[in-house]
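Subject: Structure handover

Hello,

Here is the structure I promised to pass on. Please open it alongside this email, and then read on for what I found.

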Amino acid sequence: MKILTTAGGEAASDYLKTWGNIKGGGTEVGLFAIALVLQFSTRRYRAFSYWFLAYSIAIFGTGVSDFLHLDVKIPYAGTTLLWAIVLIGIFWTWHHSERTLSIHSVTTQRREAYYWATVFATFALGTALGDFTATSLGLGYLASGILFAVVIFIPALAWWKFRLNAVAAFWMAYVVTRPLGASFADYISKPRNISGIAFGDGPTAVVFAVAVFLCVCYLAIARPDIQPPLGTSDEREPSVAPTSLLRTDPNENAQQV
């Protein structure tokens, strides 16, 4: 789901870029604002609101990163470094404030704000990093996609064999999903003269959007992404998802995961 979202967001943002900074950028900001309000108005995890915001961040994060390169003229190496610093700053602030970076601790609105700020930074960083390897290093989109497909297994291997901290392993893999999905989306959509297969940004965006929508429908109905709170039986209605985006009422005796 995350890789499909990153791929679709990349293609959609590139297509909206053809509308110009005002119309295209305004559309991206509008989608992001609507999704943000929708997600933060829900008390518990809901598949549609969660993935709508994730998808809108994929689009908006790509647009911001591309704007810094194409319009502000910051090279890809510079935007990659910039977003890496921003991400480190968010991680530091989040950990300094909450003493944890675990997604299973996201049970308050403030922690959720940190979470989504991190998601935005990872999208922007991944966009810049994918463009850097494909363009600046000359690997092309397909080779970049294959490279990140290999890289994403490194934190899993380090966690499995070398006892890497699970939270660190998660966020390392999470960052890589962005350039992985974006590289394959660019390979599918971009012209052949820049190492793509020329399917087009618009058609590619539509295909991935439909794929994500169908997956979200499945999640909303089958709910395989829901985990029950600790200390409760499986018969009780589960209340938190893998991202544990549960904001509790202080007057309720809610279980925090």
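What percentage of the 257 residues in the protein is buried? The share is 47%. Keep in mind throughout that this is a predicted model.

**Overall picture**

The protein is built from helices. There are nine of them, and zero strands. Along the sequence the pattern reads α-α-α-α-α-α-α-α-α. The accessible surface is about 12700 Å². Carbon and sulfur atoms account for 69% of that surface.

**Confidence**

Mean pLDDT is 88, with 88% of residues at 70 or more. One is residues 232–241, where the model still has 21 contacts beyond near neighbours in sequence. The other is residues 246–257, with 33 contacts beyond four places in sequence. Where pLDDT is low, the predicted coordinates should not be read in detail.

**Helix H6 and its cover**

Helix H6 takes in residues 140–151. The buried residues in H6 include Gly140, Tyr141, Ser144, Gly145 and Phe148. What covers them includes helix H5 (109–136) and helix H8 (166–189).

Leu180 gives a view of this region from H8, the helix in which Leu180 lies. Leu180 has a relative accessible area of 7%, so it is buried. Beyond its neighbours within four places in sequence, Leu180 contacts Ile3, Gly145, Phe148, Ala149 and Ile152. Of these, Gly145 and Phe148 are among the buried residues of H6. Leu180 and Leu142 are 38 residues apart along the chain, and their C-alpha atoms are separated by 9.8 Å.

**Aromatic rings**

The count of aromatic pairs is 17. Phe32 and Phe120 make a tilted pair, 6.4 Å centre to centre, with 50° between the planes. This pair links distant parts of the chain: Phe32 is in helix H2 (residues 23–40), Phe120 is in helix H5, and 88 residues separate them. Is Phe120 buried or exposed? Phe120 is buried, because its relative accessibility is 17% and the cut-off for buried is under 20%.

Phe170 and Trp171 pair edge-to-face. Their centres are 5.0 Å apart and their planes stand at 80°. The two residues differ in cover. Phe170 is partly exposed, at 30% relative accessible area. Trp171 is buried, at 5%.

Both residues belong to a cluster linked by ring pairs.

Lys2 is worth a look here. Its charged end sits over the ring of Tyr174, 4.3 Å from the centre. The charged end of Lys2 also sits over the ring of Phe123, again 4.3 Å from the centre.

Lys73 has a positive phi of about 70°, although it is not a glycine. Most residues other than glycine have a negative phi. Lys73 is exposed, at 64% relative accessibility.

Arg99 is in the loop between H4 and H5. Arg99 is exposed too, with a relative accessible area of 60%.

Thr100 is in the loop between helix H4 (76–98) and H5 as well. Leaving aside neighbours within four places in sequence, Thr100 contacts Trp94, His95 and Ser105. Thr100 and Val167 are 67 residues apart in sequence, yet 9.0 Å apart in space, C-alpha to C-alpha.

Over to you.

Best wishes

Conventions. Residues numbered from 1 in each chain as written. Predicted model: local features only at pLDDT ≥ 70, side-chain atom pairs only at ≥ 80, totals over all residues. Heavy atoms only, no water. Helix = DSSP H or I, 4+ residues; strand = E, 2+ residues; numbered from the N terminus. Buried < 20%, exposed > 50% of the residue type's maximum accessible area, 1.4 Å probe, protein only. Areas by Shrake-Rupley, 256 points an atom, 1.4 Å probe, with all protein chains shown as cover. pLDDT = per-residue confidence, 0-100. Contact = heavy atoms within 4.5 Å. Expected span 1.5 Å × (residues − 1). Phe/Tyr/Trp six-rings, centres within 6.5 Å; stacked < 30°, edge-to-face > 60°. Lys NZ or Arg CZ within 6 Å of the ring centre and 35° of its normal.
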